[in-house]
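These are my notebook entries on one chain. I set down what I looked up, entry by entry.

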Amino acid sequence: MRIDDQIDETVAVIRSYNNQRVAMQVKNLLSMGIGRVIVVVNAQPDRRSTKGFLKKYQGTPAVHIIEMHEGYTWSSALNIAIMSIQMTNLEHRRDGIDPFEYIFNVSVEAQFTREDLEAMLTAA
């Protein structure tokens with residue numbers, strides 16, 4: 001499988017709230033060719049600021065924001081994202097679209113390049 005196909009079949013999961021850097025990280029991931037970015041937000045302290053930071057991506061299928069209104073922890077946020085990916089993959093299979101194969105758990109603060117992503121996918 002080509003590395004570009006692997007990157008396209010990757011979902012990046014960002015757990016964040018009240019952090020403007022989320023927009024830069026989403027832009028970085030999309031520029032690398034990531035198939036989808038899911039941003040899971042702790043809704044209470046975020047007060048919809050993340051939606052504002054990502055306003056230009058609203059309505060695009062490549063970016064999905066999930067607001068958790070209760071029970072937010074780093075683990076529960078990741079689990080919500082995984083459930084979202086599973087639901088999307090069911091729809092993709094039904095519609096004859098390749099499912100997402102890889103999950104890339106990303107911090108807003110992490111700095112990496114496409115070469116770093118390629119190395120991780122090659123190792124996987």
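Helices (H or I, at least four residues) and strands (E, at least two) are DSSP runs, numbered from the N terminus. I noted that this is a predicted model, in which local features need pLDDT of at least 70 and side-chain atom pairs count only at pLDDT 80 or more, while totals for chains, interfaces and linings use all residues. Residues are numbered from 1 along each chain as its sequence is written, and side-chain values use heavy atoms, with hydrogens and water left out.

**Entry 1. The sheet**

I asked in what order the strands of the open sheet lie. Four strands form it in the order E3-E2-E1-E4, with parallel pairing. E3 and E4 are the edge strands, each pairing on one side only. From one strand to the next the twist averages 20°.

I then went through the pairs. Strand E1 (residues 10-16) pairs with E2 in the parallel sense over six bridges. Within this pair, Ala-12 stands opposite Val-37 of E2, and the bridge partner of Arg-15 in E2 is Val-40. E2 and strand E3 (residues 63-68) run parallel and are joined by six bridges; here Ile-38 stands opposite His-64 in E3. E1 and E4 are parallel as well, joined by five bridges. In that pair Val-13 stands opposite Asn-105 of E4, and Val-11 has Ile-103 in E4 as its bridge partner.

I took buried as under 20% relative accessible area, exposed as over 50%, and partly exposed as in between (1.4 Å probe, protein chains only). In E1, seven of seven residues are buried. One side carries Thr-10, Ala-12, Ile-14 and Ser-16, the other Val-11, Val-13 and Arg-15, and both faces are covered. Strand E2 (residues 36-42) likewise has seven of its seven residues buried.

**Entry 2. Asn-42**

Which residues does Asn-42 contact beyond its neighbours within four places in sequence? With contact meaning heavy atoms within 4.5 Å, I found Ser-16, Tyr-17, Met-68 and Tyr-72. Asn-42 belongs to strand E2. I recorded it as buried because its relative accessible area is 15%.

**Entry 3. Helix H2**

The twelve residues should span 16 Å, and the end C-alpha atoms are 17 Å apart, which agrees.

Val-22, Gln-25, Val-26, Leu-29 and Met-32 are the residues I listed as buried in H2. They cover an arc of only 125° around the axis (taken from the directions from the helix axis to the C-beta atoms), which puts them on the same side of H2. An α-helix has 3.6 residues a turn, so residues three or four places apart point the same way. Met-24, Lys-27 and Ser-31, on the other side of H2, are exposed.

E1, H2 and E2 make a right-handed β-α-β unit. Right-handed applies if, with the strands pointing away from the viewer, the path from the first strand over the helix to the second runs clockwise.

**Entry 4. Gly-33**

Where does Gly-33 sit? I placed Gly-33 in the loop between H2 and E2. Just after H2, Gly-33 takes a positive phi of about 100°. I classed Gly-33 as partly exposed because its relative accessible area is 30%. Not counting residues up to four places away in sequence, Gly-33 touches Ile-7 and Asp-8. Its C-alpha atom and that of Arg-48, 15 residues apart along the chain, are separated by 26 Å.

**Entry 5. Helix H5**

The 21 residues of helix H5 (residues 74-94) should span 30 Å; I read 31 Å between the end C-alpha atoms, which agrees. Buried residues in H5 include Ala-77, Ala-81, Ile-85 and His-92. Their cover includes E1, E2, E3 and strand E4 (102-106).

H5 lies across E1, E2, E3 and E4 and runs at about 150° to E1. For such angles, axes are lines fitted to C-alpha atoms, for helices over the stretch in contact, and the angles run from 0 to 180 degrees between N-to-C directions. After H5 I noted Gly-96, whose phi is positive, near 75°.

How values were computed:
The expected span of a helix is 1.5 Å times one less than its number of residues. Two strands pair if DSSP finds at least two bridges between them.
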